[in-house]
Amino acid sequence: MNQMRFDHRPSPSAKGRDRASNSPSRGQHRHARDPDEAPRKTSRSSGAMWIILAVVLFTLAYGGILLVKIQQEREILITEAERSQANAAGYLAERVTARIAEARYALAFAAADLRDAPAGEVESLANARLSAIAESELVADIALLLPGGQVIADGEPVENLRDFAGAALDAPSGLTAQVTGNQAFLVLAVPTPLSDGTVGAFVARLSTETALPDWGDDRVVALADADGGMLAIRPRMPSARAGTQLAERFGLEPGFIDRLAAGGGGATSDARFGEERVTFAVAPISGTELRVYALGAMRINQSAWYRTISFYGLMFIAPIFVALGLCALVFMQMGRLRSTRQMLEDNEQRFRVAIEGARCGVWDWNPEADTVFVTDSLARILGLDAATECSGQQFLQLFSKPDRERLRAAMRGAPAGAEVDHEVLAARAPVWLQMRGRILPGGEVGHTRIVGVAIDVTERKGAQARVAAAESRLRAALESMSESFVLWDSRQRLILWNRKFRDLFDFTEGMLKPGMSYEAVEQAAARAIKTVHGGTDSKVAYEIELSNGRWLHYSDRPTADGGLVSVGADITDLKHHEAALTENESQLRKTVDDVKRSQARIADLARKYEEEKIRAEEANRSKSEFLANMSHELRTPLNAINGFSEIMMQEMFGPLGDDRYVGYMKDILSSGKHLLELINDILDMSKIEAGKMQLQPEPTDASELVEQSIRIVRGRAEEKRLKLRADVSGLPEIEVDPRAFKQIMINLVSNAVKFTPEGGRVTVRGFLSGLGIAFQVSDTGIGIAKDDLPRLGRPFEQIESQHSKSFQGSGLGLALSKSLIELHGGTLSIDSTLGEGTTVSIVLPISQDQPIPRDAIDAVTRDGAVDNALAPEADDAPFDAHAPLGLSAGLQTDDGFDVDDEFIDGNSPSRLAAGE
C-alpha cells in the first residue's frame with residue numbers, strides 16, 4: 001500500500017464534502033462483497049490444485065536426490081573399507097621386510113667377522129657363524145661359498161647352490177625367489193671379502209612360510225614374486241601350489257595388480273574368491289620385487305550404513321509431512337485473511353476518528369514531489385482552517401525559524417533509515433509540537449514517503465521548565481553545603497549528589513551518573529574507604545575512615561516516598577583531638593613504665609656490650625693470628641716449591657731425563673702459583689673485611705695499567721687462540737691505587753679469557769661516563785644465566801653449570817675486584833646472556849675528592865635505573881638496566897674493531913717504533 005488507509009484525501013470536485021459520509025458502513029461492505037463471492041471460490045479451488053501439484057513434484061525430485069546421495073555414501077564406505085585393507089597389506093609387507101632385513105643383517109655381520117680373519121681360521125669361524133644363524137626358524141639352509149669351489153655349509157649343501165647365489169647376487173636387492181616343486185624359498189646372498197683379497201659369499205635360503213606372518217580373522221594373505229607367482233599363503237591351502245598365478249585365481253588382470261603395486265600399493269573391491277565378492281589389496285616389499293597380497297570379505301561399516309539409511313529416510317519423510325502441514329496451514333490462513341481484512345477496515349475507521357479528536361495530527365511528506373499532506377487536527381493546531389496539501393517549503397514556514405533547518409535536515413536523513421524525532425515551536429501559535437516520523441514501509445521502489453505524527457507537548461514543556469528551575473535552585477543549595485549529600489529513590493538508585501560527596505570519595509568527573517544502583521556506587525567508593533565503624537541494620541548513623549586519613553560521620557534518613565537521604569559531616573579534627581588525648585594518656589603510662597625498666601636494662605646492656613666487645617676483639621685477634629701464621633706457614637714452602645720446580649723445568653743444572661718430567665714440573669709450578677694466588681686473595685679479602693686495607697691512590701695513566709694487565713693475560717689468550725683487544729685511548733688521568741686497579745683488571749680479563757671458548761673474542765673498552773670513567777670487559781664466552789647474576793660478587797661464590805664446572809677457581813676474584821672497586825668509590829655490574837657472552841662494567845671516579853654520589857649508586861643497585869642527568873653523552877642511546885651508572889645499553893661489543901686489532905693507546909706508536 002503506497003498510501004495510509006486513513007489518508008482519504010479529498011478530490012478537487014469533492015473538497016467541501018464530509019469525508020465521514022463517504023465511508024460506507026459495515027453492512028454496506030458486506031452487501032458489496034456478496035456478488036463477488038462465486039469468482040473468489042473458483043480462484044481458491046484453482047490455487048489449491050496448483051499447491052497439490054507442486055507438493056507432488058517436489059516429493060519426486062527430492063526423493064531422486066536422496067537416492068543419489070545414498071549411492072554416494074555407499075561408495076564412500078566401500079572406499080574406506082578398501083583403504084583399511086590396503087593399510088593392512090602395507091603392515092604385513094613391513095613385517096616381511098623386517099624379517100628379511102634381520103636375516104640380511106645376520107649375514108652382513110658374519111661377513112664382517114671374516115674380513116680380517118687369517119686364512120687358516122676362516123673355516124672354523126665360518127662354521128661358528130653358520131651354526132648360530134641356522135638356529136633361526138626363518139633360515140632353512142645356509143652356506144659359505146669360497147673361491148675355488150669350496151663350500152662350507154651347516155649340514156648337507158643344497159644342489160645348484162652356486163647358481164642360486166649367482167642369481168641372488170645379480171639381483172639389485174641381493175634377494176631372489178626359488179620355486180622347487182611345491183616349495184618356495186627366498187635366496188639371500190651377501191658378498192664376503194676375505195683377508196687374502198678374494199671374495200666369497202654367504203648364501204641363505206629363507207622359508208617363505210616363516211617370512212609371511214599369519215593375518216588371522218578369516219582373511220587370506222599371500223607372498224608373491226614380481227610375476228605374480230605364489231611363494232607362500234596363509235592359511236595354507238592344499239590346492240594352492242608354489243608358483244600359481246594368484247591374479248587369475250582372484251579374477252583380476254595381472255597388469256592391474258602391477259599398477260597398484262607400482263603406485264606404492266592399493267586395494268580394490270572387484271576381486272572374486274570363488275563366487276564371493278571380496279576386497280583385494282597389494283603392497284610391495286621395500287627394496288625387493290616381492291609383494292604381499294591381502295584378501296578379505298568386503299566389510300563396510302554396517303553401523304554407519306544403517307545410520308545413513310535412517311538419516312536419509314528421515315530427511316525424505318520429514319519434508320513430506322512439513323509440506324502437507326504447510327498446505328493445511330495455507331488453507332487455514334486464507335480463511336483467516338478474509339476476517340482479518342474486515343477487522344483492519346473497521347480499525348482504520350476508529351483510528352481516524354481517534355487521531356482527529358486528540359491533540360495530535362498526522363503529516364505525510366513526499367520527498368520526490370516535495371509535497372506535504374496535513375490532516376485536519378494538525379492543521380487546526382498549526383493555525384490553519386482545514387486539512388491541506390502544501391509544498392515542503394510552505395510546510396516549514398509553519399514553524400519557527402530556528403527549528404526549520406533542523407526539521408529539513410531530519411527529513412533529508414530519513415530516506416537513509418534515520419528516524420525523525422524533534423521538538424519544534426509553531427510559528428502562528430505558542431504551541432510546542434513533537435514531530436516523529438519514519439519511512440513508510442512497503443512503498444514502491446523509487447517512491448519513498450515519510451509519514452509521522454505531531455503531538456502537542458506545550459504543557460509538558462512548561463512543566464519541564466518549572467522542574468528544571470526548581471532543580472537548579474536545589475542543586476545550588478546542595479553545592480553550598482559543607483556536608484556530603486546524596487539522594488536515593490525507593491529502588492536504591494542514585495538521584496542527586498553534591499560536589500562534596502564526589503570529592504570526599506574521590507570520584508572522577510563523569511563517574512557518577514543518575515540511576516546508578518546503591519551497590520555500584522558503594523563499590524566505586526570502596527577504594528577511598530579504609531574502614532567503616534558502626535552502621536548495622538538497626539543503626540542509621542555510622543563513621544567512615546577514608547584512605548586519605550579523613551573521618552566522616554554519616555547518617556541515613558528515609559524519605560516520604562521510600563527513598564533515602566545520606567548526609568555526611570567531616571569530623572576529622574574531632575577524631576584527631578580524641579586520638580591525641582588517648583595517645584598522650586597512653587604515652588604517659590608508658591613513660592612511667594619505661595623509666596622503671598630503663599635502669600635495669602641499661603645496666604644489663606652495658607654488661608653484655610662489654611662481654612661482646614671482648615669476645616669480638618678476641619675473635620678478630622685470633623683471625624689475624626691465624627691468617628698471619630697461614631701466610632708464613634704456606635708461603636714459605638710454596639716459594640720453595642715454585643722456585644725449585646721452575647729451576648727443574650728450565651733444566652738449569654742439566655736435563656731431567658724423560659720428557660714427562662718437564663710436564664710434571666709445569667703442573668707443579670702451575671699448581672703452586674695457583675695456590676699462592678689463592679692465599680694472597682684470601683689475605684686481601686680478610687684485610688678488606690676487617691677494614692685494614694689501605695689504598696694509596698695517586699694520579700695514574702689508566703691506559704698504561706690496562707696495557708700491563710693485558711700483557712700478563714695475553715699468554716693465556718694466545719694459548720686458546722682468542723682475539724684480545726682493547727681501546728682505552730684518550731682517557732684522562734685517574735686517581736686510583738695502581739696495584740689495586742691492576743689487580744681488578746687482571747681478575748676481570750682473566751675471567752673473560754677463562755670462560756671464553758677457543759676462537760672467541762675478549763674486548764676491553766674505556767670511555768668517559770657522566771659520573772666518571774667507565775671500563776667494560778666483554779667476551780663471547782659461555783655466559784651466565786639471569787637467575788645466577790645476583791649471586792656473583794660474593795666471596796667463594798661460583799656459578800656451576802655444564803659449561804663452567806670444568807674451570808678451576810676459588811670464587812674470590814670477582815668478590816675481591818668488587819670490594820676494591822667499592823673502596824675506590826665506584827660500582828660494578830654484570831650483563832650476560834647464556835651462551836652468547838658476558839659484559840662486566842665498572843665506573844670509577846676521576847678523583848677521590850669527588851666520589852660518585854651515594855644516592856646514584858644506590859639507585860643503580862636498587863632498581864637498575866638512573867636519572868637522566870647521570871646518563872652518558874649520547875642522549876638517544878637506550879639504557880640497560882644491568883649497566884652501571886651512566887652506561888648505555890646500546891654500546892656494542894664489536895663496534896669499529898677489525899679482527900686483527902690489538903691494544904692501542906696514545907703511547908703505542910713510540911713503543912712499536914722501539915720494537916716493543
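This passage walks through a predicted model of a single protein chain, from its overall make-up down to a few individual residues.

Start with the whole chain. Its secondary structure comes to 22 helices and 29 strands. Of the 916 residues, 37% count as buried. Taking contacts between residues at least 6 apart in sequence, 55% join residues at least 24 apart.

Six strands make it up, running in the order β13-β12-β11-β16-β15-β14, with antiparallel pairing. At the edges sit β13 (388–391) and β14 (420–425), each of which pairs on one side only. On average, and ignoring direction, neighbouring strands in this sheet are turned by 25° against each other. Inside the sheet, β11 (residues 360–366) pairs with β12 in the antiparallel sense, and four bridges hold the count for that pairing. Across from Thr 371 in β12 stands Asn 366. Two helices pack on the sheet as well. Helix α12 (residues 401–413) touches β11, β14, β15 (432–439) and β16 (450–456), and its direction makes about 165° with that of β14. Helix α13 (residues 458–479) touches β14, β15 and β16, with its direction at about 115° to that of β15.

The loops around β12 are worth a visit too. Asp 370 has its place in the loop between β11 and β12. Its phi is near 55°, a positive value in a residue other than glycine. Is Asp 370 buried or partly exposed? With a relative accessibility of 30%, Asp 370 counts as partly exposed. Further along, Thr 375 is found in the loop between β12 (371–374) and α10 (376–381). Thr 375 has a relative accessibility of 10%, which is under the 20% limit, so this residue counts as buried. A polar atom of the Thr 375 side chain lies 3.1 Å from the backbone nitrogen of Val 362. Setting aside neighbours within four places in sequence, Thr 375 is in contact with Gly 361, Val 362 and Ala 387.

Gln 492 lies in the loop between β17 (484–488) and β18 (494–497). Its relative accessible area is 29%, so Gln 492 is partly exposed.

Next comes Ser 566, which lies in strand β22 (residues 564–570). Ser 566 is buried, because its relative accessible area is 3% and the limit for buried is under 20%. Which side chain does Ser 566 meet in a polar contact of 2.7 Å? The partner is the side chain of Asp 556. Beyond neighbours within four places in sequence, Ser 566 is in contact with Ser 484, Phe 485, Val 486, Trp 488, Tyr 554, Ser 555 and Asp 556. Asp 556 is therefore named in that list of contacts as well as in the polar contact, which counts because 2.7 Å is within 3.5 Å.

The structure holds twelve aromatic pairs. In one of them, the ring centres of Tyr 661 and Tyr 664 are 6.4 Å apart and the planes meet at 55°, so the pair is tilted. Both residues belong to helix α17 (residues 659–690), and because they are three residues apart there, about one helical turn separates them. How exposed are the two? Tyr 661 has a relative accessible area of 41% and is partly exposed, and Tyr 664, at 45%, is partly exposed too. Elsewhere, Phe 501, Phe 505, Phe 507, Tyr 542 and Tyr 554 form one aromatic cluster. Tyr 554 is also one of the residues in contact with Ser 566.

Arg 205 lies over the face of Phe 185, at 4.1 Å from the ring centre. In a second case, the charged end of Lys 575 sits over the ring of Trp 551, 4.6 Å from its centre.

Note on methods: Residues are numbered from 1 along each chain as its sequence is written. This is a predicted model: local features need pLDDT of at least 70, side-chain atom pairs count only at pLDDT 80 or more; totals for chains, interfaces and linings use all residues. Side-chain values use heavy atoms; hydrogens and water are left out. Buried means under 20% relative accessible area, exposed over 50%, partly exposed in between (1.4 Å probe, protein chains only). A polar contact is a pair of N or O atoms within 3.5 Å; within protein, one must be able to donate a hydrogen and the other to accept it, and residues adjacent in sequence count only if both atoms are side-chain atoms. Contact means heavy atoms within 4.5 Å. Rings of Phe, Tyr and Trp (its six-membered ring) pair if their centres lie within 6.5 Å; planes under 30 degrees apart count as stacked, over 60 as edge-to-face and the rest as tilted. A charge sits over a ring if NZ of Lys or CZ of Arg is within 6 Å of the ring centre and within 35 degrees of the ring normal. Two strands pair if DSSP finds at least two bridges between them. Axes are lines fitted to C-alpha atoms, for helices over the stretch in contact, and angles run from 0 to 180 degrees between N-to-C directions.
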